[in-house]
Amino acid sequence: MMILRSSPPSPFGRKVKIAAAVLNLADRITVLDTDTMKPDEAFLAQNALGKIPTLVLENGETLFDSRVIVEYLDALAGGGRIVPSGWRRFEALRLQALADGIMDAAILRMYEIRWRSEERREPRWVDHQQGKIDRALRLAEERHSAPAAAIDIGTIALACALGYLDLRFEGRWRERHPRLVAFLDDFERRVPAFAATRVKG
Ligand SMILES: N[C@@H](CCC(=O)N[C@@H](CS)C(=O)NCC(=O)O)C(=O)O
């Protein structure tokens, strides 16, 4: 069995869980809940960065980050399943990078609240991160919101980014991005693992 160190709300962990389900590999992975704020020694030995998701292989090797893990799972499933080849590979990886960027900025906003007392928070920093989220959502609404032709690593990552905004920011993105709402509804219908990995606030 492979071990996935993750936690239920992690959008990057969710990306790996959905990828594993789509590739029919979920039953080869045990998920071990990991608290990155109180990392245990074994976890820090597995990933010096102390970040989730981290995948521990059967031979003891560890893989991180989520992008490397999904590439590995795709290869394990025969290759070219959720990471396409040719130009489509770069389109999918670019969409994944955009969605990961939304998640990074949203997580930094959360950490500002989690790690800093109210009087030490920096509104300009929060606005700087929110600007990234707003621009990326606008681009995704314009260019990447058609119902996914294929379920690949780009559309899986986009669904996870939107799901994280639902979880942490009360789904405020929905008001201005009707095409992304339709994209996510369609994704959820086609990928049961999306609903199966949803956590409530
Ligand atoms: N680029 C990484 C980002 C992973 C990430 O930011 N994980 C967060 C939780 S969702 C984390 O581990 N944070 C703990 C920390 O930064 O110390 C990936 O794709 O896996």
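Predicted model: local features only at pLDDT ≥ 70, side-chain atom pairs only at ≥ 80, totals over all residues.
How much area do domain 1 and domain 2 bury between them, and what share of it lies on carbon and sulfur atoms?

**View 1. The interface of domain 1 and domain 2.** The domain assignment of the protein gives domain 1 as residues 2–76 and domain 2 as residues 86–192. Together they bury about 1400 Å² between them, and 73% of this area is on carbon and sulfur atoms. The contact involves 13 residues of domain 1 and 20 residues of domain 2. The C-alpha centres of the two domains are 21 Å apart.

**View 2. Charged and polar pairs across the interface.** Glu71 forms a salt bridge with Arg89, and their closest N and O atoms are 3.4 Å apart. Across the interface of the two domains there are also 3 residue pairs in polar contact. On the side of domain 1 that touches domain 2, the elements that give two or more residues are α1 and α3. Of the elements on that side, α1 gives the most, with 7 residues.

**View 3. The open sheet of 4 strands.** The strands follow the order β2-β1-β3-β4, and their pairing is mixed. Strands β2 (29–33) and β4 (62–63) stand at the edges; each has a single partner strand, so one side of each has no neighbour in the sheet. In general, strands of a sheet pair through backbone hydrogen bonds, in either a parallel or an antiparallel manner. Strand β1 (residues 2–6) runs antiparallel to strand β3 (residues 54–56), and 3 bridges join them. Within this pair, Ile3 has Val56 of β3 as its bridge partner.

**View 4. Two helices that lie across the strands.** Helix α1 (residues 11–22) lies across β1 and β2 and runs at about 150° to β1. Helix α3 (residues 66–76) lies across β1, β2, β3 and β4, at about 40° to β3.

View 5. Most residues other than glycine have a negative phi, and most peptide bonds are trans. Asn24, which is not a glycine, has a positive phi of about 60°; this residue lies in the loop between α1 and β2. Ile52 and Pro53 are joined by a cis peptide bond, with omega about 0°. Pro53 belongs to the loop between α2 (41–46) and β3. A cis peptide bond also leads from Phe64 to Asp65, with omega near 0°, and Asp65 is located in the loop between β4 and α3.

How values were computed:
Residues numbered from 1 in each chain as written. Heavy atoms only, no water. Pairing = 2+ DSSP bridges. Contact = heavy atoms within 4.5 Å. Axes fitted to C-alpha atoms, helices over the stretch in contact; angles between N-to-C directions. Domains from an automatic or database assignment. Buried area = accessible area lost by both parts, 1.4 Å probe. Salt bridge = Lys/Arg side-chain N within 4 Å of Asp/Glu carboxyl O. Polar contact = N/O pair within 3.5 Å; in protein donor to acceptor, adjacent residues only side chain to side chain.
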